[in-house]
Amino acid sequence: MSMRRVVGGVTFANPRAFWFGVTAVTAGVLAHIPMYLMGSGNGYRLAGMPMDQTMILGMVSIAVGLLASLYGLMPSKGEELGKRASQFEVTTLDDAKITISHVGLMVTMAFAVTIDVMKPTTLAFVMPGMSLEYNLWSPLNPRGAIPVSYIALFAIVGTFLGSFLWGWLGDRIGRRASILYAGIGFIATSICGAMPSFEWNLAMCFLMGMTVGGMLPICYTLLAETIPARHRGVLMVLIGADIAGAYVATSWLAAALIPTYSWRILWLIGLPTGLALIALNRWIPESPRYLIAAGRIEEAAAVMARYGAHIKDLTAFTAMEDQAPDRWSSLFSPAFLKHTAAVACLGFGSGLVLFGFNLWMPTNLRQIGFTDSDALLRNAALLGFPSTLLVAWLYGGWSSRKTILLLTTTISVALLAFVVAAGGIVDNRFLLSILMPIPICGISSLSAVVSVYASEIFPTQIRAKGGGLAAGASKLGGVVIIALVTTGMAPPSMKAIALIGAASMTLASLLAMATLIETKSRRLEQLGAHEKAQTGDA
């Protein structure tokens, strides 16, 4: 029986089931902590230790909790999105002033983006320690048999599949429910830090990837459908700057904690951060556009009232939603094909750089003699972080299209500089410190603006799927580059991976130049109407 509560648009389909699930998952994770603490006298090395009964019971508790919390979030019945949206206009959301509710949503989404991106970013900082503990092959441990990159490969395959799973979930159970369920996934997969065997680490990294794969586009989808159009671009990219902030936070934590608590502590941090996101749930409303499309008008009205807006009944209003059935194939229809191609190509290129060049940077720096690589990367991220503020202003105040082109060109030039200067990097720390912030913060900013662009350009019924496509393309780039490294086809050297990244960014820039349209300050409904006119359907 549905127990949905409507309090300012904050809803649970079944709150008892949801909170029982959160409690069960948390208890299951806590059951793994004793195993981690048992390694305190040995540098927290757990390799070869058997899993005890408490850990097994903890896994059962986590599985039960995940099922219960999903039941607590699932709508009472399937609701096809689309035709109801044609009877209402929600442009009053775009005319509303920024309120404390908007600020609360943006702060919460910024936090969600940060902890989401910290998960895959952590891979770069745990692989050196994992390669030594499990005797895996890496540039730091050339005598190992199994490549440590299998960890990254399993994780990135998980994120690739998760991108499409969460894209579907976001349009099926809603934006709010998907974000909260991903937060529970963050809690559950923190047990990766207590897994004693390499095989269990592979399994948990795959599941971790599944949970984080689609959080980012879902967050952007909710923001795009809630923030007024005139502020949307600047504020969403500014929140996306937390992708760079996540790198700063992760590198800082790695430099401060790994020497004492080993690489495992970076995974265990998922427990408190996931709980914090769940605790902030009152600041995560459901998207009013989604609610209207699903026929939940009362809830939509409650959300809009909270944000100083109201539903405007216009029976003559014809929305783009009628033209976009709630299925993946709609992304490849004539109305959206060019946007799908551009978003996919930009995402794929950014994934090659993020999971190729940036992923292997800590290992490559140590190999060429920089023993303080974690601190060096932290400083580079801090140095480049202010540029994300500039990117946010450029996207929202100058031009969304030109900002994307500027970013892809700048990253390409910087990567080509690494190719040319690779041999002299070890003797020129100043040159390294100048070049390093560009791929670290530049690719983070590009990932943010591509996700924002995808959340703007597709209509309500497939907006989460469009965001999932952008995330999935990025992860596919990661799958390709990590698979090449794992099979030995592309050595994980700084020069080789920089060259691959530069080529992909150049191609993405050329395609973007031919296909991107301007979204600055335009209502989501106006963007849909533009595509109808372009395809002759208006």
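Modeller: A nonpolar patch joins Val, Leu, Ile, Met, Phe, Trp or Tyr side chains within 5 Å, from residues with over 30% relative accessible area and no salt bridge (a Lys or Arg side-chain nitrogen within 4 Å of an Asp or Glu carboxyl oxygen). Areas are Shrake-Rupley values with a 1.4 Å probe, and only the protein chains shown count as cover. The model is predicted, so local features need pLDDT of at least 70 and side-chain atom pairs 80 or more, while totals for chains, interfaces and linings use all residues. Numbering runs from 1 along each chain, and side-chain values use heavy atoms, without hydrogens or water.

Colleague: How much accessible area does the nonpolar patch have together?

Modeller: Its members are Phe 20, Ile 56, Val 60 and Val 64. Three residues, the largest share, come from helix α3 (53-73); helices are DSSP runs of H or I, at least four residues, numbered from the N terminus. Together, the patch has about 340 Å².

Colleague: Is Ile 56 buried, partly exposed or exposed?

Modeller: Ile 56 sits in α3. Buried means under 20% relative accessible area and exposed over 50%. At 40%, Ile 56 therefore counts as partly exposed.

Colleague: Which helix gives the largest share of the lining of the largest cavity?

Modeller: A cavity is a set of 1 Å grid points where a 1.4 Å probe fits but cannot get out, lined by residues with an atom within 4 Å of a point. The largest cavity holds about 390 Å³ and has 28 lining residues, with Phe 355 and Ser 447 among those nearest its centre. Seven lining residues, the largest share, come from α16.

How values were computed: 1 Å grid on protein atoms, 1.4 Å probe; cavity = no way out; pocket = protein on both sides within 12 Å on 5 of 7 lines; lining within 4 Å. Points joined across faces, edges and corners; volume = space filled by probe spheres on them. Helix = DSSP H or I, 4+ residues; strand = E, 2+ residues; numbered from the N terminus. Patch = residues over 30% accessible without salt bridge, like charges linked within 9 Å, V, L, I, M, F, W, Y side chains within 5 Å. Buried < 20%, exposed > 50% of the residue type's maximum accessible area, 1.4 Å probe, protein only.
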